[in-house]
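Hi,

Here is the structure I promised to pass on. My notes on what turned up in it follow below.

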Amino acid sequence: MILNVTEKAKEYLARVGNPNVSLSVKGGGCSGFTYEWGTTDKNPTVENLWLDPMAEMFVFGCTVDYVEELGGSYLKVLNPNAKASCGCGESFAI
């Protein structure tokens with residue numbers, strides 16, 4: 001599987017996907033690349049998540065989780081391939 005999705009993330013994606021959530025990777029940020037979330041009507045790759053084909057090489061083997069904290073809630077990509085990331089966790093380097 002290209003990408004793993006936790007149960008909490010699956011539940012969240014089912015609630016907010018209109019009809020699906022999209023994930024892409026763009027150049028930029030402190031560490032070189034950033035994850036970009038959005039919505040799309042394209043057919044999902046995994047669950048209610050459409051993965052930009054250009055992003056596959058950056059997120060292969062990653063896990064998408066839904067995190068709920070005192071300061072807010074968000075989808076988080078746990079990337080075992082990242083060699084570095086910024087302090088806020090929004091950007092990464094491969």
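K8 is partly exposed, because its relative accessibility is 39%; that label covers everything between buried (under 20% relative accessible area) and exposed (over 50%), with a 1.4 Å probe and protein chains only. K8 makes a salt bridge with E68, and the closest N and O atoms are 3.3 Å apart. A salt bridge here is a side-chain nitrogen of Lys or Arg within 4 Å of a carboxyl oxygen of Asp or Glu. The K8 pair links distant parts of the chain, with K8 in helix 1 and E68 in strand 5, 60 residues apart. E68 counts as exposed because its relative accessible area is 53%.

Before you go further: this is a predicted model, so local features need pLDDT of at least 70 and side-chain atom pairs count only at pLDDT 80 or more, while totals for chains, interfaces and linings use all residues. Residues are numbered from 1 along each chain as its sequence is written, and side-chain values use heavy atoms, with hydrogens and water left out. Helices (H or I, at least four residues) and strands (E, at least two) are DSSP runs, numbered from the N terminus.

Back to the charges. The count by this rule comes to three salt bridges. E7 counts as exposed because its relative accessibility is 52%, and K10 counts as partly exposed because its value is 25%.

K10 also has a salt bridge with E47, where the closest N and O atoms are 3.8 Å apart. E47 lies in the loop between strand 3 and strand 4 and K10 in helix 1, so this pair ties together parts that are 37 residues apart in sequence. E47 is partly exposed, at 41% relative accessible area. Taken together, E7, K10 and E47 are linked in a network of salt bridges.

Which charged residue is buried yet has no salt bridge? That would be D52: its nearest side chain of opposite charge, K26, is 4.6 Å away. (Lys and Arg count as positive, Asp and Glu as negative; His and the chain ends are not counted.) D52 sits in the loop between strand 4 (49-51) and helix 2 (56-59). Leaving aside neighbours within four places in sequence, D52 is in contact (heavy atoms within 4.5 Å) with L23 and S24.

On to the aromatics, of which there are two pairs. Rings of Phe, Tyr and Trp (its six-membered ring) pair if their centres lie within 6.5 Å; planes under 30 degrees apart are stacked, over 60 edge-to-face, and the rest tilted.

- Y12 and Y66 are stacked, at 4.1 Å centre to centre and 15° between the planes. This pair links distant parts of the chain, Y12 in helix 1 and Y66 in strand 5, 54 residues apart. Y66 is buried because its relative accessible area is 7%.
- F33 and F58 are tilted, at 4.7 Å centre to centre and 45° between the planes. Here too distant parts of the chain are linked: F33 is in strand 3 (residues 33-40) and F58 in helix 2, 25 residues apart. F33 is partly exposed at 26% relative accessible area, and F58 is buried at 14%.

Now the core. A nonpolar core is a set of buried Ala, Val, Leu, Ile, Met, Phe, Trp, Tyr and Cys residues joined through side-chain atoms within 4.5 Å. The largest one has 19 residues, and L3, L23, L49, V59, V64 and L75 touch the most other members. Two or more residues each come from strand 1 (3-5), helix 1 (7-16), strand 2, strand 4, helix 2, strand 5 (62-69) and strand 6 (72-78). With neighbours up to four places away set aside, the contacts of V64 include L3, V5, A9, W37, L49 and L75.

Strands 5 and 6 run antiparallel and are joined by seven bridges; two strands pair if DSSP finds at least two bridges between them. A hairpin of two residues connects strand 5 to strand 6, and D65 stands opposite K76 in strand 6.

Lastly, S22 is in strand 2 (residues 20-27). S22 counts as buried because its relative accessibility is 13%. Beyond four places in sequence, S22 touches E36, W37, G38, T39, T40, L49 and W50.

Cheers
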